[in-house]
Amino acid sequence: MKRTLVRSIAIVGTSLLIALAMTACGGQKPSVEPAFTTPIASPEQPAQDSSPSQADTADSTTTGSSSPGTSEPSGLPSTTPSSAPKPGKPTPPAATAVTPTERPGDAPQAGIQHKIGELVFTEGSVSIHRAGATPERADIGSVVRAYDVLVTGPKSRAEIDIASGSSGGASIKLAENTAFYFDTKELSEAQRKTVLQLLSGSLAIKVDKLANGSFQVGTDSAILGVRGTVFIVDTVPDGSLLVSCETGAVSVSDGDASSMAKPGEVVQMSQSGGLQRVDVQASELASYRGGWRTDAYEAFASKALTYTSSYAIAIEEGKPAFDTALARLLAQKPTLDAWRTAKGQGKTPRFTDWILEKKAVSSALFDCLKALFALERPYYRLIELKALHAAGTGVGKLSDGRSSAAYFSTFDASTRELSLGMARVREALVLFSWASAGSPLGDLFGSKAQGLGTSSIMLEG
């Protein structure tokens with residue numbers, strides 16, 4: 001289990017730092033690409049929303065509605081459970097195919113132009129975690145910027161449009177209890193480079209045909225490389241993974257080995273690690289995914305307390321170093337404010353601008369990122385574990401003797417400042433990448449990241 005947690009923290013780092021080297025890819029009931037024959041289903045959760053957004057906002061619930069011209073916007077299974085979940089043993093319902101009259105993941109309808117990162121569907125509690133504010137309610141039309149974290153609560157789902165209909169664009173659907181962020185850059189009319197970081201939960205993704213760009217997804221335990229395709233990524237809090245592909249192909253690498261998910265073959269990984277490719281016919285994919293998620297969550301239930309304890313310890317032990325590094329970064333506020341203003345005004349930096357300022361920011365930012373890698377995924381996994389706990393999974397005493405109920409009752413309040421601090425670091429990373437403007441300092445920063453023991457995903461040019 002320690003191996004999984006360490007691997008999770010390392011892989012998080014790769015996705016965060018990609019911005020520096022880029023000049024540009026069953027069981028949960030939440031959102032799924034309606035064109036998929038295997039929509040996402042998720043473990044049944046309590047009706048109440050335990051995501052941090054409700055602690056921080058007065059009203060974090062939205063009513064699902066469709067984007068224009070779409071009679072069945074999400075194409076997802078119903079989120080109404082057929083029966084109450086059994087304590088300690090999540091039993092996700094089998095995924096069922098849905099045939100909507102319109103596919104939100106297809107190219108935009110004529111006359112409809114979505115902004116990059118625009119939410120085109122929400123249902124339930126959907127929030128955005130970004131710098132400068134507590135998590136804010138998200139609704140249809142909200143724009144999620146690069147490195148904002150989009151979070152869905154229990155019985156909630158969302159769909160985000162990232163330049164769909166153009167080369168390398170994508171339509172991304174989030175299941176309930178899912179957290180992810182992205183960065184994307186258009187290199188030319190035919191090239192786009194995008195990286196997603198899946199922090200918890202499940203995503204259904206349709207990527208439009210790529211030319212010479214790239215589309216990558218980072219999870220707890222693997223990195224996915226995508227060429228224009230339709231696929232679903234399911235994860236469980238212990239790092240278990242299932243990648244199923246409807247069209248195209250997705251390469252899956254865990255740092256030690258690689259495999260390929262494609263129609264007729266899925267790639268899966270258990271919490272103990274190691275990729276496994278399994279033959280699954282298209283007609284059987286929905287039932288296979290449902291069975292996989294049911295088995296994975298049932299296996300996880302007996303270990304939920306152990307993982308809650310481990311993630312809680314990771315946050316408590318890592319927070320002092322993060323706070324120290326963040327204080328150094330915030331001391332660079334005048335520079336960060338100047339960059340934010342110039343970027344907002346549409347100015348184009350030269351690599352000779354702000355030489356001394358970039359050196360000062362880069363030193364503090366790199367220390368922040370090292371500390372952040374040990375905190376970010378445990379934090380968002382604990383949000384997911386809190387929802388499972390409310391449904392009866394992982395109830396008991398943590399390794400330090402605290403009751404799980406006592407721990408989660410104060411979780412939102414005790415981690416609020418941490419959440420805000422992590423958002424500030426992500427924003428600083430975006431601003432530094434912008435100010436670097438392809439300078440040698442930006443390249444040096446990216447090369448230095450190799451020392452974190454992660455793969456070369458952040459170094460692709």
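Predicted model: local features only at pLDDT ≥ 70, side-chain atom pairs only at ≥ 80, totals over all residues.
Me: How many residues of strand β9 are buried?
Reply: Six of the six, residues 202–207, so β9 is largely enclosed by the rest of the structure. Buried means under 20% relative accessible area, exposed over 50% and partly exposed in between, with a 1.4 Å probe and protein chains only. Strands here are DSSP runs of E with at least two residues, helices are runs of H or I with at least four, and both are numbered from the N terminus.

Me: What does β9 pair with?
Reply: β6 (residues 170–174) runs antiparallel to β9 with five bridges, and Ser 171 sits opposite Lys 206. β11 (residues 223–235) is also antiparallel to β9, over five bridges, with Val 233 as the bridge partner of Leu 203. Pairing takes at least two DSSP bridges between two strands.

Me: New topic: which face of β13 is covered?
Reply: The one with Ser 259 and Ala 261; Ser 258 and Met 260 make up the uncovered face. β13 pairs antiparallel with β12 (residues 241–253) over four bridges, and Val 252 stands opposite Ser 259. In that hairpin, four residues lie between the strands, and Gly 255 has a positive phi near 95°.

Me: How much space is in the second largest pocket?
Reply: About 170 Å³. It has 14 lining residues, and Ser 240, Met 269, Ser 270, Gln 271 and Trp 292 are the closest to its centre. A pocket is an open set of points on a 1 Å grid over the protein atoms alone, where a 1.4 Å probe fits and protein lies on both sides within 12 Å along at least five of seven lines; lining residues have an atom within 4 Å of a point. The volume is the space filled by probe spheres set on the points, which are joined across faces, edges and corners.

Me: Which element gives the most to that lining?
Reply: α3, with five residues.

Conventions. Residues numbered from 1 in each chain as written. Heavy atoms only, no water.
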